[in-house]
Amino acid sequence: MNNLNVRKGDNVKVLTGKDKGKTGKVLATEPSTGKVLVEGINIATHHIKARSATEQGGKKKVEAPVDSSNLQIICPSCSKSVRVRHQVMDGKNARVCAKCGASLDAALKADKADKKAKAKKTKKADKPAEEQAPETAEKPEKAKPAAKKTAAKKPAQKAEETQVPVEQKSDGKTE
């Protein structure tokens, strides 16, 4: 089992290969093989065969794994691609930027906390809209009698519409 210096959510820079110099976010890691899946890097084309008449075949572009040794982490505090140093901080092992000494794990935790806070804010924003929904539901109830009047007119219109296709069918049969 390989020890990867890269974790999910890290921003990394590609050091070698066809995508040299590009940066992306780590989507997944495979420690057993030492491979990393990076967003927008090492794009491969998968050809998909149609398995039934309704299913459509074609080409699909997918990110392929990259070896972790070909990547370097971009430090969030100094914005440079850096080597990773491991250090014991607060009784736990932590990844540290070799250039500026900032903790790389703390930046990931801060990003996760920001995402959770945004999710909570959006949920709170949705709740007032749900509370307003009963008020808007009362307004259509007042408009229901008008809807019943239009509903009474619609069956008459439907009867006229159904007569038209019947006449067309009879014309088609005589020809």
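Visitor: What is the bridge partner of Val-12 in S2?

Guide: In S2, that's Gly-24. Before we go on: this is a predicted model, where local features need pLDDT of at least 70, side-chain atom pairs count only at pLDDT 80 or more, and totals for chains, interfaces and linings use all residues. Residues are numbered from 1 along each chain as its sequence is written, and side-chain values use heavy atoms, with hydrogens and water left out.

Visitor: And what stands opposite Asn-11 in S2?

Guide: Lys-25 does. Strands S1 (residues 11-14) and S2 (residues 23-30) run antiparallel, joined by three bridges. A strand is a DSSP run of E, at least two residues, numbered from the N terminus, and two strands pair if DSSP finds at least two bridges between them.

Visitor: What do S2 and S3 form?

Guide: A hairpin, with four residues between them. Gly-34, in the turn, has a positive phi of about 80°.

Visitor: What's the strand order in the open sheet?

Guide: S6-S3-S2-S1-S7-S8, six strands with antiparallel pairing. S6 (66-67) and S8 (81-82) stand at the edges with a single partner strand each, so one side of each has no neighbour in the sheet.

Visitor: New topic: how many residues has the largest nonpolar core?

Guide: It has 16, and Leu-71 is among those with the most contacts inside it. Such a core is a set of buried (under 20% relative accessible area, 1.4 Å probe, protein chains only) Ala, Val, Leu, Ile, Met, Phe, Trp, Tyr and Cys residues joined through side-chain atoms within 4.5 Å.

Visitor: Which residues does Leu-71 touch?

Guide: Not counting residues up to four places away in sequence, they include Val-12, Val-36 and Val-66. Contact means heavy atoms within 4.5 Å.

Technical notes
Buried < 20%, exposed > 50% of the residue type's maximum accessible area, 1.4 Å probe, protein only.
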